[in-house]
Amino acid sequence: MRIELTVNGERHEADVWAGESLLFALRERLGLPGSKNACEQGECGSCSVLLDGTLVCACLVLAAQADGHEVVTVEGLAPEDGPHPVQEAFVQAGAVQCGFCTPGLVVAAADLLARTPDPTDDELREALSGNLCRCTGYAKIFDAVRLAAGAS
Amino acid sequence: MDVLTPRTLDEALRLRAETADAWPIQGGTDVMVELNFDRARPRVVLNLNEVAELRGFARENGTLRLGAGLTYTECRRELGETLPALAEAARTVGSPQIQNRGTIGGNLGTASPAGDALPPLLVEEAEVELAGPAGRRTLPLEEFLVGPKQNALAEDELIVAVHVRPSGARQTFMKVGPRNAMVIAVASLALAVDRERGEIRAAYGSAGPVPRLVRAPLDEADGFPDRVAEAASPIDDVRGTAAYRRHALRVLTARALERCAA
């Protein structure tokens with residue numbers, strides 16, 4: 001079946017199988033591999049994207065459900081003139097190790113700061129509770145989000 | 001496999017009646033896991049995302065009508081004052097990503113013994129509104145939940161809404177799991193101390209084939225933790241033992257009573 005959606009500000013058409021996820025469509029049909037595929041059950045958050053401005057796991061959205069809707073992936077987060085403040089802060093704070101969880105965490109952190117520019121530590125932990133990282137122990141990631149909050 | 005995307009409730013009900021084996025999908029947090037792992041390959045998926053009548057909630061003469069498509073995030077943000085136990089439960093469902101997509105209607109449709117929205121709705125004596133070719137019917141949530149992952153929904157019906165008359169009683173929701181975030185309940189409990197009606201109501205989850213309501217007069221609060229633990233019919237499974245679940249319910253009930261009495 002054919003779907004039409006806006007991804008990172010651009011109109012796209014894609015031929016998808018009825019049972020496939022938005023994550024599969026983004027990665028395999030639209031050539032956007034930034035959103036990562038890991039658990040496929042909404043546990044790990046590495047496929048986090050914004051669907052009509054709402055943070056979701058792309059693996060739990062049917063591609064067909066995104067028909068006519070707007071998606072922002074990690075590829076579309078940054079303004080044209082440089083990285084997103086969260087991306088910059090991840091670099092500065094050393095919040096990236098293997099990097100697999102990073103795109104999802106960047107999207108989730110950007111979503112948090114868009115709604116709550118100066119989060120408390122509790123708010124920060126709760127907002128990122130759906131994004132698993134097996135390398136860092138999270139301390140540097142939280143540092144990065146605090147840094148981004150302070151910078152904006 | 002095919003996806004049907006109705007734009008109105010009437011259209012959704014017509015499609016549902018025409019394709020009895022269709023799987024309704026709203027937030028996808030349960031259905032997509034089945035599809036992603038190829039555990040099921042439904043012939044037709046009925047995508048309810050575009051049906052505006054299923055979204056949001058409304059107040060009608062002291063009753064709240066929660067659309068089946070009401071998300072956990074909306075419950076958290078909008079219902080903290082009127083249905084505090086439900087709002088608390090919504091906050092414990094998965095992650096923000098899951099809360100943004102998962103819905104009350106989906107929790108009812110899946111009818112898991114561990115469904116977090118179910119105990120808070122039971123203590124508020126919620127009713128479920130179903131629609132099908134024969135029209136609408138409403139039945140108490142207790143009757144809607146008939147077994148583990150089994151409900152009273154007919155093949156040609158859709159869950160449309162949940163009706164609740166907020167009791168105003170002090171109430172809370174608690175759950176036990178291996179950690180604070182992202183857990184399926186090993187045991188859960190919603191409890192309301194309803195002074196107006198002189199009774200305590202508690203509903204447990206993950207401690208029997210379906211979440212169940214237990215009542216007692218206010219003056220029997222002392223024995224209530226034991227009563228809830230005895231009313232449950234838990235099993236041993238990968239997440240915990242029956243004995244642990246009974247123990248947890250006893251402890252949670254005592255804590256919830258304390259919290260709601262203060």
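Visitor: In what order do the five strands of the open sheet in chain A lie?
Guide: This is a predicted model, in which local features need pLDDT of at least 70 and side-chain atom pairs count only at pLDDT 80 or more, while totals for chains, interfaces and linings use all residues. Residues are numbered from 1 along each chain as its sequence is written, and chains are lettered from A and ligands numbered from 1 in the order in which they are written. Strands (E, at least two residues) and helices (H or I, at least four) are DSSP runs numbered from the N terminus, and two strands pair if DSSP finds at least two bridges between them. Pairing in this sheet of chain A is mixed, and the order is β2-β1-β5-β3-β4.

Visitor: Which are the edge strands of that sheet in chain A?
Guide: An edge strand here pairs on one side only. That holds for β2 (10–15) and β4 of chain A.

Visitor: In what sense do β1 and β5 of chain A pair, parallel or antiparallel?
Guide: Strand β1 covers residues 2–7 of chain A and β5 covers 70–72, with two bridges between them. A:V7 stands opposite A:V71 in β5(A). The sense of the β1–β5 pairing in chain A is parallel.

Visitor: Which helix packs on this sheet, touching β3 and β4 of chain A?
Guide: Contact requires C-beta atoms, placed from the backbone, within 7 Å. Axes are lines fitted to C-alpha atoms, for helices over the stretch in contact, and angles run from 0 to 180 degrees between N-to-C directions. The helix spans residues 102–115, and its direction makes about 45 degrees with that of β3(A). It is α3 of chain A.

Visitor: Which element gives the most to the side of chain A that touches chain B?
Guide: Between the chains, 23 residues of chain A are in contact with 25 residues of chain B. With four residues, the element that gives the most on the side of chain A is strand β4 (residues 54–57).

Visitor: What is the strand order of the open four-stranded sheet in chain B?
Guide: The pairing in this sheet is antiparallel. Its order in chain B is β11-β12-β13-β14.

Visitor: How many bridges join β11 and β12 of chain B?
Guide: The two pair in the antiparallel sense, β12 covering residues 187–194 of chain B. B:R170 stands opposite B:V193 in β12(B). The number of bridges between β11(B) and β12(B) is seven.

Visitor: How many of the eight residues of α4(B) are buried?
Guide: A residue is buried if 20 or more other C-beta atoms lie within 10 Å of its own, exposed if 12 or fewer, and partly exposed in between, with C-beta atoms placed from the backbone. The buried residues of α4(B) include B:L86 and B:E88, and among the elements covering them are α3, β11 and β12 of chain B. Helix α4(B) is largely enclosed by the rest of the structure because its buried residues number six.

Visitor: How many other C-beta atoms lie within 10 Å of that of B:G69?
Guide: B:G69 sits in the loop between β5 (63–67) and α3 of chain B. Among the residues it touches, beyond four places in sequence, are B:Q26, B:L48 and B:T103. B:G69 is buried, and the count of other C-beta atoms within 10 Å is 24.

Visitor: What distance separates the C-alpha atoms of B:G69 and B:V51?
Guide: Along the chain, B:G69 and B:V51 are 18 residues apart. Their C-alpha atoms are separated by 8.8 Å.

Notes
Contact = placed C-beta atoms within 7 Å.
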